[in-house]
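Please examine the sequence and the structure below.

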Amino acid sequence: MSKIYIPESAMAIVAHPDDIEFSCVGTLARWAKGGARTSYVLCTSGEVGISAEGMTKEKATKIREAEQQKAAEIAGAEEVIFLREPDGLLQPTLELRKKLVREIRRFRPEVVITGDPTIIWTGNEYINHPDHRAAAAAALDATFPAAGQPNLFEELEDEGYSAFKPRKVFVTTWTDGDIIMSIDESIDTKIKALRAHVSQMKDWDPEPRIREWASSRAKRVEATYAETFRVITLVKDEDWEKTRGEVMAKKT
Ligand SMILES: [Zn+2]
């Protein structure tokens, strides 16, 4: 087993059920297996994401939350939090920022993982979902500087949640990144966790596509499959800097 950076804890903040599985569960599963506490925060429950006769938002919420819970268990997550903001209408409001600050101050993750709010499209075939951009913007704004400022959202102190500044932010990237994380040991878990989202996969077998995407991201490292991230270090970590070469696959 190759050495990787394993934080003590990590919190992934995304818009919908299945976003974590598509973007970063290979990394989260490896971390969880290595002893990290991992938390999933879902801004919405994806309740408009099932088109079927007789489907309602209430029914879809139940189905998709159960699917996400199962996917989280497959990857060894400690908890799944549903904020139940409106699917399809997510906005990076101050109210959402405060909710996310509350979760960060409660769980105190060493690493926050979220998306890239600047991605609007990729190639000529896909426009990024506005909820993805909104969740990512709210997550970044909650992580820094809000979560670490004692006199901002100071009323959360009354709930027992004092200011906390995460050490690093891992932003999932689609085409490139500073850090390429090998997921050779967790690619099967990633596929299994994706399959838990039955209402989204339907007859589609995610395996060939996921292997293809993950292998295209591993091109410049000694790995078959990878996930890529832009990593922002908010708290200096001498030890981490010293071991950076061995804990993470480097670009060649
Ligand atoms: Zn999504």
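**A helix and a pocket**

In this predicted model, the exposed residues E58, K62, K70 and E73 lie on the face of α3 that is turned away from the buried side of this helix. Helix α3 itself runs over residues 57-74, 18 residues in total. From its first C-alpha to its last it reaches 25 Å, close to the 26 Å expected at 1.5 Å a residue.

The buried residues of α3 are A60, T61, R64, E65, E67, Q68, A71 and A72. These residues lie on the same side of α3, because the arc they cover around the axis is only 165 degrees.

What do the buried residues of α3 pack against? Their partners are the helices α1, α6 (187-195) and α7, together with the strands β2 (37-44) and β3 (79-85). Just after α3, G76 takes a positive phi of about 75 degrees.

Attention now turns to the largest pocket, which holds about 1300 Å³ of space. Its lining is made up of 47 residues, and F22, Y126, H132, W174 and W213 lie nearest the centre of the pocket. By residue class, the lining divides into 16 nonpolar, 16 polar and 15 charged residues.

Several elements supply at least two residues each to this lining: the strands β1 (9-14) and β9 (226-233), and the helices α1 (19-23), α5 (130-143), α7 (198-201) and α8 (207-216). The largest share, five residues, comes from α8.

Key. Residues numbered from 1 in each chain as written. Predicted model: local features only at pLDDT ≥ 70, side-chain atom pairs only at ≥ 80, totals over all residues. Heavy atoms only, no water. 1 Å grid on protein atoms, 1.4 Å probe; cavity = no way out; pocket = protein on both sides within 12 Å on 5 of 7 lines; lining within 4 Å. Points joined across faces, edges and corners; volume = space filled by probe spheres on them. Helix = DSSP H or I, 4+ residues; strand = E, 2+ residues; numbered from the N terminus. Nonpolar A, V, L, I, M, F, W, Y, C, P; charged D, E, K, R; others polar. Expected span 1.5 Å × (residues − 1). Buried < 20%, exposed > 50% of the residue type's maximum accessible area, 1.4 Å probe, protein only. Arc of directions from axis to C-beta. Contact = heavy atoms within 4.5 Å.
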